[in-house]
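Morning, everyone. I have one structure for you today, and a few minutes to walk through it. Please look at the screen.

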Amino acid sequence: MQIWVDADACPNVIKDILFKAAERVEVPLILVANQTVATPPSRWISAKRVPRGFDVADNEILQQLTPGDLVITADIPLAAEVIQQGGHALNPRGELYTPENIRARLNMRDFMETLRASGVSTGGPAALSQTDRQAFANQLDRFLRRNAPSSAD
């Protein structure tokens, strides 16, 4: 199992949680972005820079993904593809996307996109709160306890 991060829009506080978790459970963490991403020195943590362009980082993650891998992303279409390929997807607010909930998330995303296209101001997501950070850390911990290699126990 590896953890892939859609790193261009991932908040630094979430990256810090991921860095600590990767070290603690000794699982590879790969941050994929179209810009240089700073990472701490670690044999478990790396960054891959991809060219700029629409969905280039997403496509790189999907090409490298193996069933059972975890992807950290707020990109709902990417999360849907990850699930379809047998991976797991977790957003930075701590919601684990599942085959049961991803369709509803895609429908809501499409609805909001339609509203915006028609000129309705929908605003953006709220700032990441302490509660969101805690929810992410808790969900990540639960996931890793269930799925990390047993040699890391």
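Leaving aside its neighbours within four places in sequence, which residues is Leu29 in contact with? Take a moment to find them. This is a predicted model, by the way. Here is the list: Ile3, Val5, Leu18, Phe19, Ala22, Trp44, Ile45 and Ser46.

Now zoom out to the core around it. The largest nonpolar core has 27 residues. Leu29 is among those with the most contacts inside this core, along with Ile3, Val5, Leu18 and Ile72. Two or more residues come from each of β1, α1, β2, β4 and α5. The most come from α1, which gives six. As a general point, nonpolar side chains in soluble globular proteins tend to be buried together.

Next, helix α1 itself. It covers residues 12-25, so 14 residues. At 1.5 Å a residue, that should span 20 Å. The end C-alpha atoms are 20 Å apart, so the two agree. Which residues of α1 are buried? They are Ile14, Lys15, Leu18, Phe19, Ala21, Ala22 and Val25. Note that Lys15 is on that list. These buried residues pack against β1, β2, β3, β4 and α5.

On to charges. Side chains of opposite charge can pair when their charged atoms come close. How many salt bridges are there? The count is four. Start with Asp141 and Arg24, at 3.1 Å from N to O. This pair links helix α5 to helix α1, across 117 residues. Asp141 has 27% relative accessibility, so it counts as partly exposed. Arg24 is partly exposed too, at 48%.

Asp141 also meets Arg145, again at 3.1 Å. Both lie in α5, four residues apart, about one turn of the helix. Arg145 is exposed, at 60%. Shared partners join Arg24, Asp141 and Arg145 into one network.

Another bridge joins Lys48 and Glu60, at 3.0 Å. Lys48 is in strand β3 and Glu60 is in helix α2, 12 residues apart. Lys48 is partly exposed, at 37%. Glu60 is buried, at 12%.

One last residue. Beyond four places in sequence, Asp58 touches Asp6, Asp75 and Leu78. That's my tour.

Definitions and conventions
Residues numbered from 1 in each chain as written. Predicted model: local features only at pLDDT ≥ 70, side-chain atom pairs only at ≥ 80, totals over all residues. Heavy atoms only, no water. Expected span 1.5 Å × (residues − 1). Buried < 20%, exposed > 50% of the residue type's maximum accessible area, 1.4 Å probe, protein only. Contact = heavy atoms within 4.5 Å. Core = buried A, V, L, I, M, F, W, Y, C linked by side-chain atoms within 4.5 Å. Salt bridge = Lys/Arg side-chain N within 4 Å of Asp/Glu carboxyl O.
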